[in-house]
Amino acid sequence: MNKRQVGEYYETLACNFLMANGAYVLKRDYRAFRGDIDIIARDGRYLCFIEVKYRKSKRFGEPEAAVTISKQKQICKISKFYLYSTYKSQDVPIRYDVIAITDIDGMASVKWHKNAFEYI
């Protein structure tokens, strides 16, 4: 599989995990400006903007550590645009989450970090 196919596979895995844990997936791969948000979902009263990170080993650290300040700023900028274009308001309770997936020797481990970072 190429990188895009691998990414799609693990984003699908993340969506299935979210739905199994009570979230409702609204959008995948929402693109705006020069970036994207992997998943936009509803979890209870929250609208969640979710970044999915995958690593096949922990050699370079945990997957969630790859959500840098720069990536957080990009997600926040895109989320603001999504809120204005979809809800015509910012008066919606939101949360920024990260789903970290490691797949070592065919054993996938999924962690959902709710409220992983604040709006920047």
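# Close-up views of a predicted model

**View 1. The sulfur of C76 lies 13 Å from the closest cysteine sulfur, that of C48, which is too far for a bond.** The model shown here and in the views below is predicted. C76 is buried, with a relative accessibility of 0%. Like other residues with under 20% relative accessible area, C15 counts as buried, at 5%. How many disulfides does a search of the whole structure find? The search returns zero.

**View 2. The largest nonpolar core contains 16 residues.** Within this core, the residues with the most contacts are I40, L47, F49 and F117. Two or more of the core residues come from each of β1 (24-32), β2 (35-43), β3, α2 and β4 (94-104). Which element supplies the largest share? That element is α2, which contributes five residues. Apart from this core there is a second, separate one of 14 residues, with A14, L18, C48 and W112 among its members.

**View 3. F49 and I37 touch each other.** Leaving out residues up to four places away in sequence, F49 touches I37, I39, I40, I75, S79, Y82, L83, I94, R95, Y96 and D97. I37 sits in strand β2. Is I37 buried or exposed? I37 is buried, because its relative accessible area is 1% and the limit for a buried residue is under 20%. With residues up to four places away again left out, the contacts of I37 are R28, D29, Y30, F49, I50, I75, I78 and S79. T68 can be included in the view for distance: 31 residues separate I37 and T68 along the chain, and their C-alpha atoms are 14 Å apart.

**View 4. K111 forms salt bridges with E62 and with E64.** In the pair of E62 and K111, the closest N and O atoms are 3.4 Å apart. This pair links distant parts of the chain, since E62 belongs to the loop between β3 (46-55) and α2 (69-87) while K111 belongs to strand β5 (residues 107-117), 49 residues away. E62 has a relative accessible area of 30% and is therefore partly exposed. K111 is also partly exposed, at 32%. For E64 and K111, the closest N and O atoms are 3.3 Å apart. E64 is placed in the loop between β3 and α2 and K111 in strand β5, so this pair ties together parts that lie 47 residues apart in sequence.

**View 5. D36, E51, K53 and K71 are linked in a network of salt bridges.** One of the bridges pairs K53 with E51, and the closest N and O atoms of this pair are 3.5 Å apart. Are K53 and E51 buried or exposed? Both residues are buried. Across the structure there are eleven salt bridges.

**View 6. D103 is buried but has no salt bridge.** D103 is part of strand β4. How far away is K56, the nearest side chain of opposite charge? K56 is 11 Å away. The side chain of D103 does make a polar contact of 2.5 Å with the side chain of Y10. When neighbours within four places in sequence are set aside, the contacts of D103 are Y10, Y54, R55, K56 and A108.

**View 7. D29 and F33 have positive phi values although neither is a glycine.** For D29, phi is near 50 degrees. This residue is found in strand β1. For F33, phi is about 55 degrees. F33 lies in the loop between β1 and β2. Its relative accessibility is 53%, so F33 counts as exposed.

Note on methods. Residues are numbered from 1 along each chain as its sequence is written. This is a predicted model: local features need pLDDT of at least 70, side-chain atom pairs count only at pLDDT 80 or more; totals for chains, interfaces and linings use all residues. Side-chain values use heavy atoms; hydrogens and water are left out. A salt bridge is a side-chain nitrogen of Lys or Arg within 4 Å of a carboxyl oxygen of Asp or Glu. Buried means under 20% relative accessible area, exposed over 50%, partly exposed in between (1.4 Å probe, protein chains only). Helices (H or I, at least four residues) and strands (E, at least two) are DSSP runs, numbered from the N terminus. A nonpolar core is a set of buried Ala, Val, Leu, Ile, Met, Phe, Trp, Tyr and Cys residues joined through side-chain atoms within 4.5 Å. Contact means heavy atoms within 4.5 Å. A disulfide is a pair of cysteine sulfur atoms within 2.5 Å. Lys and Arg count as positive and Asp and Glu as negative; His and the chain ends are not counted. A polar contact is a pair of N or O atoms within 3.5 Å; within protein, one must be able to donate a hydrogen and the other to accept it, and residues adjacent in sequence count only if both atoms are side-chain atoms.
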